[in-house]
Amino acid sequence: MLRPVSALTKSALVLVLFAALNVSVTFGQSRWGQTATNGSGLGLGDATEITWGFVSDGTAITPAYSGESSDASDLVSFLDMNLGSGAGGSDLTNRPWFSVFDSIFDRWDAVSGLSFSYEANDSGQRIDNTISPRGQLGVVADVRIAGHSIDGQTGSNTLAYNYFPDHGDMVIDTDNVSFYSNSSNNYLGLRNVLAHEFGHGMGLPHVTANDSRQLMEAFVNTTFDGPQIDDIHQAQVRYGDNWEENGGNDTFSVATDLGIFDGTEILIGTDANMGSTVVEVDPDQVDFISIDNGTDVDFLKITLDSIYDMSFALDMVGPTYDHDGDSSYSLANQSDLDMVLLASDGTTVLGDSNNAGLGVSEQIDMILEAGTYYVQILGNNDATQFYQFGASGFSAVPEPGSMVALGVLGALLVGRRRRIVR
Ligand SMILES: [Zn+2]
């Protein structure tokens with residue numbers, strides 16, 4: 001059975017199980033422009049705080065699909081019955097299933113510039129895609145989760161659907177008792193549905209791929225756990241990486257502090273460096289960093305405990321795979337990144353590396369005295385580029401006449417080639 005496209009309501013999306021469904025949708029905004037916490041004016045690449053919560057049972061839901069019931073939400077009683085109610089009560093955070101939902105938001109938080117908080121209050125307003133509800137702190141969540149009967153649990157089967165930003169609400173099909181009550185791998189089926197649906201809730205469309213290895217493909221998949229590499233990349237396109245949260249790292253005064261360099265290599269951004277083919281992302285991997293567009297700049301702070309002959313290396317990383325019909329889509333070839341080494345004042349350029357071309361690594365080698373330095377990373381293309389950054393070095397013993405002086409002289413010469421301070 002193929003669901004007629006005409007039955008799809010604007011900005012509604014669907015996740016189906018075991019059935020072909022050629023979904024054509026009108027996309028909403030590609031990301032949140034306004035939230036209860038941040039207010040309005042949010043743009044591409046901005047870190048964003050989103051509140052989420054549950055509607056009370058009995059809250060009305062306007063059907064989005066032909067055949068969907070017009071019943072009020074029964075999600076809480078459905079979850080209590082099938083996943084356990086614990087001690088019950090009005091505080092849903094005590095329910096055994098609360099942590100399943102919470103873990104999904106924690107996971108998206110860990111791999112993007114999104115952060116989440118649970119909103120215990122709800123306005124009781126109808127779930128309806130013809131209105132544009134706004135979250136309000138202490139009153140109603142940005143993202144409201146509801147559930148009722150959509151289309152049973154057999155045949156062409158919708159498990160849930162979710163509205164795009166700035167609507168964001170989720171409706172779960174509470175007919176799907178056997179699917180959602182399956183506790184295997186800590187409710188992996190439910191968790192991947194929730195992670196997928198909230199992918200739509202943050203603005204991600206379906207991706208077509210021929211490898212069935214991305215969360216945002218239209219069919220539920222329990223061979224992996226949570227967002228995969230394309231999903232994480234798409235999240236960072238919209239919200240930047242995790243370091244963009246809490247004021248970000250776009251100036252030297254708020255640089256990400258990589259700590260003390262004592263001769264042991266420092267390496268960051270390693271989890272996106274999976275080689276040329278897609279490797280499964282495990283749910284404990286969090287080291288995905290990027291320059292999210294042509295205006296994003298990352299500042300890294302590194303403090304040397306002694307004099308070293310240092311090498312700073314910047315690699316553009318990510319696999320090549322099938323993505324929306326492009327069989328050679330390469331995450332390592334999204335933006336041409338440059339790297340600048342700055343002195344302790346955060347502005348004096350000691351060296352830079354700006355090799356031209358997508359996927360071309362950058363490197364700066366220099367003898368540096370003990371002290372604090374900053375590394376500035378920026379992109380030449382308006383695209384989101386995963387990178388890996390490494391700092392390595394070996395002790396440099398000053399010779400009579402001072403290698404340090406030579407190092408500084410070298411830095412000044414290199415620094416004259418090009419000065420980039422953005
Ligand atoms: Zn979907």
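Me: What should I know before I start reading numbers?
Reply: The model is predicted, with local features needing pLDDT of at least 70, side-chain atom pairs counting only at pLDDT 80 or more, and totals for chains, interfaces and linings using all residues. Residues are numbered from 1 along each chain as its sequence is written, and side-chain values use heavy atoms, with hydrogens and water left out.

Me: How many helices and strands does the chain have?
Reply: There are 6 helices and 18 strands. Helices (H or I, at least four residues) and strands (E, at least two) are DSSP runs, numbered from the N terminus.

Me: And how much of the chain is buried?
Reply: Of its 422 residues, 55% count as buried. Buried means under 20% relative accessible area, exposed means over 50%, and partly exposed is in between (1.4 Å probe, protein chains only).

Me: Are His 196 and His 200 buried or exposed?
Reply: His 196 counts as buried at 1% relative accessibility, and His 200 is buried at 0%.

Me: What else is in H4?
Reply: Tyr 187 is found there. Its phi is near 60 degrees, a positive value in a residue other than glycine. Tyr 187 is buried, with a relative accessible area of 16%.

Me: Switching topic. How many salt bridges are there?
Reply: A search of the whole structure finds 4. A salt bridge is a side-chain nitrogen of Lys or Arg within 4 Å of a carboxyl oxygen of Asp or Glu.

Me: Which one involves H4?
Reply: Asp 225 and Arg 191 meet in a salt bridge at 2.8 Å, N to O. Arg 191 is in helix H4 and Asp 225 in the loop between H4 and H5, 34 residues apart. Asp 225 counts as buried at 19% relative accessibility, and Arg 191 does at 10%.

Me: What does Arg 134 pair with?
Reply: Asp 166, in a salt bridge of 2.9 Å, N to O. The pair links distant parts of the chain, 32 residues apart. Arg 134 is partly exposed, with a relative accessible area of 40%, whereas Asp 166 is buried at 12%.

Me: What kind of peptide bond joins Pro 165 and Asp 166?
Reply: A cis peptide bond, with omega about -5 degrees. Asp 166 sits in the loop between strand S5 (157-163) and strand S6 (170-173).

Me: Last one, strands. How does S16 pair with S11?
Reply: In the antiparallel sense, over 7 bridges. Two strands pair if DSSP finds at least two bridges between them. Phe 312 stands opposite Ile 364 in S16. Strand S16, residues 362-368, is mostly covered, with 5 of its 7 residues buried.
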